[in-house]
Structure formats: C-alpha cells, structure tokens
Amino acid sequence: VLLQSPIESGARVAFGNTVSFLGYYLDIFRNYEKIGKITAPVAIMHGTADKVVSVTNGKNLHEMLRRPYDPLWIEGYGHNDMPQDKCFVYAKQFLNSLR
C-alpha cells in the first residue's frame, strides 16, 4: 500500500481533533481506525509544508502501521506540488522492497 499525503480523519483535517471527537459519527474518513488493520507493508510520502493536509496526519498514521516502510517526508513541499521525480523514485524503491 502506497499513500501520498494521507488524512487521519476528514473531520480532523477540516476542524481539528476536538470537533472530530464531537462529530465522530459524521466523519466517514476515520482512517486512524483502519490503518492498523492493514497487514501489508505500507509506505507513506507527505510534504512537510502541506497546508491542505498537515504532515502530522501522515506521521500519525505511520506510527500506527503494523508493517511500516521508511516514510518520505519531503521538506518544503505542499499538497499539490509534490516533486514527481522524488515520488516516483520512492514508489519504485518501495515496490522493489516487496520482492
């Protein structure tokens, strides 16, 4: 599984942790509850300057993984400007590690 700029929770991204707790049943993207159930290796890449989905989301999800692959935190990049060359190299390294 390869994730780019993943969200922990839709409500947490939009409103923060307190509101996500209050609106728990309205949040259809509670990925923090699902990520620990993945038994396959998981790689996460995320830009450190992401203002749409904070890199904290990716880091928190990474901490919950059963089989984490070394993450790629791309310094200075945001949500919509991830450098394609770095992302492709990372994806290739991850896929090669599965052999």
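Author: Start with Cys-87. Leaving aside neighbours within four places in sequence, Cys-87 is in contact with Gln-4, Met-45, Ile-74 and Met-82. Contact means heavy atoms within 4.5 Å. A word on the basis: this is a predicted model, where local features need pLDDT of at least 70 and side-chain atom pairs count only at pLDDT 80 or more, while totals for chains, interfaces and linings use all residues. Residues are numbered from 1 along each chain as its sequence is written, and side-chain values use heavy atoms, with hydrogens and water left out.

Reader: Which residues make up the largest nonpolar core?

Author: First the rule. A nonpolar core is a set of buried Ala, Val, Leu, Ile, Met, Phe, Trp, Tyr and Cys residues joined through side-chain atoms within 4.5 Å. Buried means under 20% relative accessible area, exposed over 50%, and partly exposed in between (1.4 Å probe, protein chains only). Here the largest core has seven residues: Ala-43, Met-45, Ile-74, Met-82, Cys-87, Tyr-90 and Phe-94. Strand 2 and helix 5 are the elements that give two or more residues to this core. Helix 5 gives the largest share, three residues. A second, separate core has five residues, including Ile-35, Val-42, Ile-44 and Leu-65.

Reader: In what order do the strands of the sheet lie?

Author: Strands of a sheet pair through backbone hydrogen bonds, either parallel or antiparallel. Two strands pair if DSSP finds at least two bridges between them. Helices (H or I, at least four residues) and strands (E, at least two) are DSSP runs, numbered from the N terminus. Here three strands form an open sheet in the order 1-2-3, with parallel pairing. Strand 1 (2–4) and strand 3 (72–74) are the edges, each pairing on one side only.

Reader: How many bridges join strand 2 to strand 3?

Author: Three bridges join strand 2 (residues 43–47) to strand 3. Met-45 has Leu-72 as its bridge partner in strand 3, and Gly-47 has Ile-74. Strand 1 and strand 2 also pair over three bridges. There, Leu-3 stands opposite Ile-44 in strand 2.

Reader: Which way do the residues of strand 2 point?

Author: In a regular strand the side chains alternate between the two faces of the sheet. In strand 2, Ala-43, Met-45 and Gly-47 point one way, and Ile-44 and His-46 the other way. Five of the five residues of strand 2 are buried.

Reader: What kind of unit do strand 2, helix 4 and strand 3 make?

Author: A crossover is right-handed if, with the strands pointing away from the viewer, the path from the first strand over the helix to the second runs clockwise. Strand 2, helix 4 and strand 3 make a right-handed β-α-β unit.

Reader: How many aromatic pairs are there?

Author: Rings of Phe, Tyr and Trp (its six-membered ring) pair if their centres lie within 6.5 Å; planes under 30 degrees apart count as stacked, over 60 as edge-to-face and the rest as tilted. The count comes to two. Tyr-69 and Phe-94 are edge-to-face, 5.0 Å centre to centre, with 65 degrees between the planes. Tyr-69 lies in the loop between helix 4 and strand 3 and Phe-94 in helix 5, so the pair ties together parts 25 residues apart in sequence. Ring pairs link Tyr-69, Tyr-90 and Phe-94 into a cluster.
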